Amino acid sequence: MSSRNQELGVTRKGVSEREVIASCESLVREYTRGSGGGWFGGGDLPTVRALDGVSLEVRRGEIVGIEGPSGSGKSTLLHLLAALDTPTAGELRVAGEDVGRLSERGRAKLRLEHVGLVFQRFHLLPSLSARANVALPLVELGWSKRKRRERAEGLLDDVGLGDRATHRPGQLSGGEQQRVAIARALATEPALLIADEPTGELDTATGRQVLDLFESLGEDHAIVLASHDQPTLAIADRVIRLRDGRVQGAAR
Amino acid sequence: MRVPGRVWLRRRRALVGLAVHRVIGRLRSSPQRVVLSVLGVALAVALVVAVTGVALGLTAESVVQNDDTDFWVVPEQSTAESVAVSSGGVKLGDVHAVSERIERDERVDYATPVALSVVPVTDRTTGETEYVLAAGIVPREGQELFGLSTTPLAPGDPHYANGSYDGPWTGEAVVNDAAASVTNTSEGEELQVARTGTNRSFHVLNVSQGEAGFGFGSAPIAIVHLSELQSVTGLAGSDQADQILVSTNDPAVRSDLESLYPHTTVVTKRGISAQQASTSNLPLAVGLSALLSALVVGVLFIATLMGLEVSSDRATLGTLATLGFASRSRSLLIGAETLVVAVVGGLVGVALGAASIGVVNRVVGAQFGIAAVAVFDPLLIPYGLVVAAVVGVVGSVYPIYLGRRTDILEVLSE
């Protein structure tokens with residue numbers, strides 16, 4: 001069990017009794033290789049199975065790590081959990097919604113309201129200040145300017161960047177940019193936080209600060225974290241190991 | 001999934017605000033493409049403003065050709081048509097005194113009352129009665145009316161004699177070809193008025209082709225001294241005329257003219273032109289051609305450059321999609337950005353167009369001695385902006401299409 005859960009006094013039994021935020025059952029995702037369809041497209045194009053029968057449950061207050069070599073299906077699983085993609089087969093539920101049955105618009109709404117994403121390369125908008133970047137999802141939610149500003153400043157305070165609110169990404173260090181990205185991911189108070197190699201672009205010390213931030217997020221979120229990096233995965237309550245699109249095992 | 005109206009509106013407003021913010025941000029960080037887009041629209045709008053200005057100028061010239069009068073004071077019931085046609089309706093009174101008073105203003109080159117009346121005259125050959133449109137004015141050197149020079153007429157209005165109408169009768173007339181033809185008169189001959197109670201006649205000093213607007217090309221016209229026309233038509237009683245023509249280069253004179261008489265209207269050349277624009281198809285065709293060219297050039301320019309901008313900014317669109325921005329919101333953002341760029345281009349274009357009109361007028365003035373060939377009407381400002389907005393809206397279709405085609409997963413894996 002991670003140090004975080006030890007501090008929180010959360011037992012395995014305690015976690016298992018909590019609300020399921022995301023779950024998948026026999027999840028399959030296949031991709032077609034090459035360009036098919038259209039007027040002149042070929043008929044039978046080869047398919048690649050990126051995920052092959054993955055089953056998983058993520059509960060509130062839990063940090064789940066996903067590890068595996070390149071091409072093992074980590075990113076595919078994250079994209080499906082984030083409702084950025086739809087499964088070829090199997091069932092996937094996020095925040096109670098069946099992702100496979102949602103329209104593109106429905107999936108966008110699901111992401112907006114229930115999923116926060118943190119990327120390896122931060123993906124901040126360079127022309128906007130840290131505050132405006134954090135407030136971005138609230139624009140789509142239709143919040144008033146004053147409320148957006150208050151919420152963004154509060155979140156920047158929480159991640160220790162209250163004094164950097166007006167700085168643009170180019171004026172911030174890598175660690176600071178990742179903290180802004182985490183604040184942005186938390187703006188809509190999502191139940192599920194998904195992080196893809198969140199420390200991949202950071203040095204060890206800065207990476208540690210970001211991991212501490214994830215650990216401090218408390219019991220309101222479920223976090224799914226994909227990484228190659230063992231110290232990063234060490235903050236997880238359990239780690240799912242993927243190989244060739246299948247779950248090879250889990251470690252606690 | 002229905003969103004309450006207020007939230008919907010706030011979201012749209014915030015997205016437009018974000019679009020403005022991003023355009024400004026891009027102008028600061030990597031302005032090349034945005035500046036090129038702005039310049040593209042600006043050139044298109046400048047073209048449409050400048051050419052429309054020339055078209056307006058052409059219209060003005062074609063209606064009041066070589067006529068130095070800038071303002072026409074007419075009775076309120078009159079229309080622009082009645083500036084040239086005696087309507088037989090309400091007339092202005094005490095016109096000599098009023099015109100003299102107007103002329104005392106330093107900003108005014110000259111002012112003359114104009115009485116228009118259809119006068120019966122005797123055909124010298126057949127003895128039959130024919131009709132000419134007589135215009136009574138107070139002539140000045142170098143003045144023209146209906147394309148006829150009034151220079152041969154003795155300056156001033158001697159017969160008026162301060163309102164006593166007993167001054168010397170000059171009997172001078174300048175007529176056009178049509179009048180000479182219908183009355184069978186030529187230079188140096190007499191034009192006998194065929195009206196009971198008068199045996200007055202006019203001596204034809206000059207016959208010229210002349211040219212009048214409003215389709216008067218072949219109408220018989222004679223220009224005579226005002227008081228003499230008043231005497232033969234019975235308008236002398238209250239010193240009446242149909243309008244007062246005022247020549248000035250100062251537009252501010254207009255407000256003073258408006259307070260001259262109650263129930264009168266001051267018509268400008270442009271006012272007349274606007275009502276008569278349809279009589280000349282060339283300026284309209286020129287203006288429409290410029291509009292279509294500007295729309296095509298502007299749309300191609302902005303669609304291409306904003307399309308490139310969207311392609312190079314796929315990461316942002318991908319990020320917005322991952323954050324939960326619906327496809328419609330992302331399209332609105334792209335559309336608003338394109339529109340913002342187009343409107344900024346429109347503002348620059350209107351300024352450039354106005355400057356172009358100034359330059360054209362200066363060059364034409366210096367080369368050909370013509371005062372102004374193009375007119376900058378204040379309405380060209382909203383016109384240019386509307387053209388820019390149309391360019392923005394139509395030009396946003398392609399960038400929006402590219403934005404919608406952006407594959408989020410592909411962008412995230414880059």
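Guide: Arg22(B), Arg26(B), Met306(B), Glu309(B), Val310(B), Asp313(B), Thr316(B), Leu317(B), Leu333(B), Ile334(B), Glu337(B) and Thr338(B) line the largest cavity. A cavity is a set of points, on a 1 Å grid over the protein atoms alone, where a 1.4 Å probe fits but cannot get out, and lining residues have an atom within 4 Å of a point. This is a predicted model, where totals for linings use all residues. Residues are numbered from 1 along each chain as its sequence is written, and chains are lettered from A in the order in which they are written.

Visitor: How much space lies in the largest cavity?
Guide: About 90 Å³, a volume being the space filled by probe spheres set on the points, which are joined across faces, edges and corners.

Visitor: Which helix gives the most to that lining?
Guide: Helix 10 of chain B, with four residues. Helices 1 (5–29), 8 (281–312), 9 (314–323) and 10 (327–368) of chain B each supply at least two; helices here are DSSP runs (H or I, at least four residues) and strands are E runs of at least two, numbered from the N terminus.

Visitor: And what is the second largest cavity's volume?
Guide: About 60 Å³. Among the elements of chain B, strand 2 (108–122), strand 3 (129–137) and strand 9 (221–225) each supply at least two lining residues. Val119(B), Phe202(B) and Leu229(B) are among the residues there.

Visitor: How many cavities of 30 Å³ or more are there?
Guide: The count comes to six.

Definitions and conventions: Predicted model: local features only at pLDDT ≥ 70, side-chain atom pairs only at ≥ 80, totals over all residues. Heavy atoms only, no water. 1 Å grid on protein atoms, 1.4 Å probe; cavity = no way out; pocket = protein on both sides within 12 Å on 5 of 7 lines; lining within 4 Å.
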